[in-house]
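This report describes selected features of one protein model.

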Amino acid sequence: MRPSPPAVDQNPPRSERGGLLLYSLAEFREIILECLDLVGGRSVVEIGGEDGTFTAELLSWAAARDGRVSCIDPTPSKGLVDLVETSEVGELHRCISLEALPAMPPSDVYLVDGDHNYFTLLHELEAIEAISGPAFPLVFIHDVGWPSGRRDMYYSPETLPAEAVHPYDYGRGAVIGSSDLVETGFRGEGEFAWAEAEGGPANGVLTAVEQFLADRPQLKLQVVPCVFGLGVVYPSDAPWADAVGALVRTYEEIPLLERLEQNRLDLYLHVLALQRAQFEQGLHVRDVEVENRGLWARVHELEAEMAGLSQRSQQLAVEVATTVAARSFNIAELLSRLHTRGSDKPGISAARMRSLAEPLLPGAPPDSSTASPAP
Ligand SMILES: C[S@@+](CC[C@H](N)C(=O)[O-])C[C@H]1O[C@@H](n2cnc3c(N)ncnc32)[C@H](O)[C@@H]1O
């Protein structure tokens, strides 16, 4: 089951990520749009339109050539819906690719950028082949590089046959060099899940493409090794094959691109790790603040208790002094009787002595006989 997105995003939201991280097919515009013209294409299918970032450019391209753009996305953004609905050359299929493709007419070019997993890719390529007849079209496949190249990701694993889905995780993220997922890394934030392990059979986009090509020697694969990797698949005997091949090769054979991609991914993962650390530090500070507030409340309680104790100790001092005085009066009365025994002088009673001494005891009201007279 897809969990609800976490309460606090630990990765930047999609929009911010978009700004920080290049990930759209639009980054390949110079290659893709030129190839569309080399092919002499008029119709394009984009699988996975998302926010319409590249769809907008495809629509402009098609509008200038009397062409057509079909976009397939089960959960298009409002921006994509508005974009396609206001275009005279676009159409939107709001369903998954494997439902939409078999009912669609053949197209000159396909951009495959939807659910990045082995089962979906393999069946998308088979569906494209089935509707295209003898002339396999030009197909661009995004995400043949890290992280989806050898690890399935699932937008909606429930739409796939259970046996085609590897154990997956919506919470943890992928990092370079580790088959296992980790707490940080490139995470789906509830939007998509990763297969728990990287590599092995029937796992990942590139694995699916290789599987599809294994029985089809007439098809060629070239890879532009940046922005998550762009695969370009086409029949090597197509009239436009040499021109497309030469154009793609100028991007394919630049080792610098591979190094830049590696560096960009390293830096992005580093940023994610720092954001995670900052998030955890924020939680720690919040815990300390809560504890601090609790401690201050306890200090105030203890201060109130101490004030009560101090009042009680003053009362006790008075009681002790009173008790001691009472015993003293009794002893004094006894001494007085002993002193006057045999004489006709009466002794002083304890009560009398108390009435004389009480005004002098601690806590006694001021002596009215010594107070200033009322005006
Ligand atoms: C990486 S985004 C596409 C980005 C877009 N092509 C671009 O270059 O700007 C993937 C999109 O594929 C959609 N998607 C997921 N599963 C799909 C499927 N089975 N068929 C078609 N689209 C799918 C998602 O809703 C999401 O919008």
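Does α6 pass α7 in a left-handed or a right-handed crossing? The crossing of α6 and α7 is right-handed, where right-handed means that the near helix is turned clockwise from the far one and left-handed that it is turned anticlockwise by less than a right angle. This is a predicted model, in which local features need pLDDT of at least 70 and side-chain atom pairs count only at pLDDT 80 or more, while totals for chains, interfaces and linings use all residues. Residue numbers start from 1 along each chain as its sequence is written.

**Helix pair**

Helix α6 spans residues 118-132 and helix α7 residues 205-214; their axes come within 8 Å and cross at roughly 35 degrees. Axes are lines fitted to C-alpha atoms, for helices over the stretch in contact, with angles from 0 to 180 degrees between N-to-C directions. Helices (H or I, at least four residues) and strands (E, at least two) are DSSP runs numbered from the N terminus. On the α6 side the contact is made by Tyr118, Leu121, Leu122 and Leu125, and on the α7 side by Val205, Thr207, Ala208, Val209, Gln211 and Phe212. Contact here requires C-beta atoms, placed from the backbone, within 7 Å. By class, eight of these residues are nonpolar, two are polar and none is charged. Ala, Val, Leu, Ile, Met, Phe, Trp, Tyr, Cys and Pro count as nonpolar, Asp, Glu, Lys and Arg as charged, and the others, Gly among them, as polar.

**Nonpolar cores**

The largest nonpolar core has 53 residues, and those touching the most other members include Val44, Tyr110, Val112 and Val209. A second, separate core holds twelve residues, among them Tyr154, Val175, Phe186 and Leu272. A core is a set of buried Ala, Val, Leu, Ile, Met, Phe, Trp, Tyr and Cys residues joined through C-beta atoms within 7 Å. Leaving aside neighbours within four places in sequence, Tyr110 contacts Val45, Ile47, Ile128, Pro137 and Val139.

Val109 lies in strand β4 (residues 109-112). The C-alpha atoms of Val109 and Phe119, ten residues apart along the chain, are separated by 21 Å. By contrast, Tyr155 and Glu191 are 36 residues apart along the chain, with 6.7 Å between their C-alpha atoms. Tyr155 belongs to the loop between β6 and β7.

| Residue | C-beta neighbours inside 10 Å | Class |
|---|---|---|
| Val109 | 22 C-beta neighbours | buried |
| Tyr155 | 20 C-beta neighbours | buried |
| Val227 | 21 C-beta neighbours | buried |
| Glu189 | 17 C-beta neighbours | partly exposed |

**Backbone**

Most residues other than glycine have a negative phi, and most peptide bonds are trans. Glu189 has a positive phi, near 50 degrees, and is placed in the loop between β7 (168-169) and β8 (193-195). Val227 has a positive phi near 45 degrees and sits in the loop between β9 (219-224) and β10 (230-235). Trp146 and Pro147 are joined by a cis peptide bond with omega about 10 degrees; Pro147 is in the loop between β5 (138-142) and β6 (153-154).

**Ligand shell**

The ligand is surrounded by 20 residues, the closest being Ser24, Leu25, Gly48, Glu50 and Gly114. A residue counts as near if its C-beta atom, placed from the backbone, lies within 6 Å. The shell comprises eight nonpolar, eight polar and four charged residues.

Terms used:
Contact = placed C-beta atoms within 7 Å.
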